[in-house]
Amino acid sequence: MKVQALLGVPYSGEMIEKAVADLRTQTANDAPDAAALAKRYPKAQSRNFGGDPTRITEADALIAYLQMLGTLVDFKLYDDKANIR
């Protein structure tokens, strides 16, 4: 995240400092820091994505990433008539 911030990604110092804690918070169903995470990342969801609450897995990361991609779509800009074949 530090390198990405140097390259222009808008990560704040707080985001970088709390990255590991945010990872743990995002993969828990009842994390006490969920409100703080939502303040830093408004579209982030906090829950156990992979189904095993005892560990953070690649499945947790992949599912969270795919769900985040879905929130980036702005359907107001989609023109269903523009791509008719």
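Biologist: Is Asp22 buried or exposed?

Modeller: This is a predicted model, in which local features need pLDDT of at least 70 and side-chain atom pairs count only at pLDDT 80 or more, while totals for chains, interfaces and linings use all residues. Residues are numbered from 1 along each chain as its sequence is written, and side-chain values use heavy atoms, with hydrogens and water left out. Buried means under 20% relative accessible area, exposed over 50% and partly exposed in between, with a 1.4 Å probe and protein chains only. Because its relative accessibility is 7%, Asp22 counts as buried.

Biologist: With which side chain does Asp22 meet in a salt bridge?

Modeller: A salt bridge is a side-chain nitrogen of Lys or Arg within 4 Å of a carboxyl oxygen of Asp or Glu. For Asp22 the N to O distance is 2.6 Å, and the partner is Arg40. The pair links distant parts of the chain, 18 residues apart, with Asp22 in helix 3 (residues 19-26) and its partner in helix 4; helices are DSSP runs of H or I with at least four residues, numbered from the N terminus.

Biologist: Which residues do salt bridges with shared partners join into one network?

Modeller: The structure holds two salt bridges, and in one of them Glu14 pairs with Arg40, the closest N and O atoms being 3.3 Å apart. That pair spans 26 residues, from Glu14 in helix 2 (residues 13-17) to Arg40 in helix 4 (residues 34-40). Glu14 is partly exposed at 42% relative accessibility. Through shared partners, the network consists of Glu14, Asp22 and Arg40.

Biologist: Which helix gives the largest share of the lining of the largest pocket?

Modeller: A pocket is found on a 1 Å grid over the protein atoms alone, as an open set of points where a 1.4 Å probe fits, with protein on both sides within 12 Å along at least five of seven lines; lining residues have an atom within 4 Å of a point. The largest pocket holds about 760 Å³ of space, and its lining counts 28 residues, with Gln26, Tyr41, Ala44, Ala64 and Met68 nearest its centre. Helix 3 and helix 5 (58-71) each supply at least two lining residues. The largest share, seven residues, comes from helix 5.

Biologist: How far apart in space are Ala59 and Ala82?

Modeller: Ala59 is placed in helix 5 and counts as partly exposed at 35% relative accessibility. In sequence, Ala59 and Ala82 are 23 residues apart, and the C-alpha to C-alpha distance between them is 36 Å.

Note on methods
Grid points are joined across faces, edges and corners, and a volume is the space filled by probe spheres set on the points.
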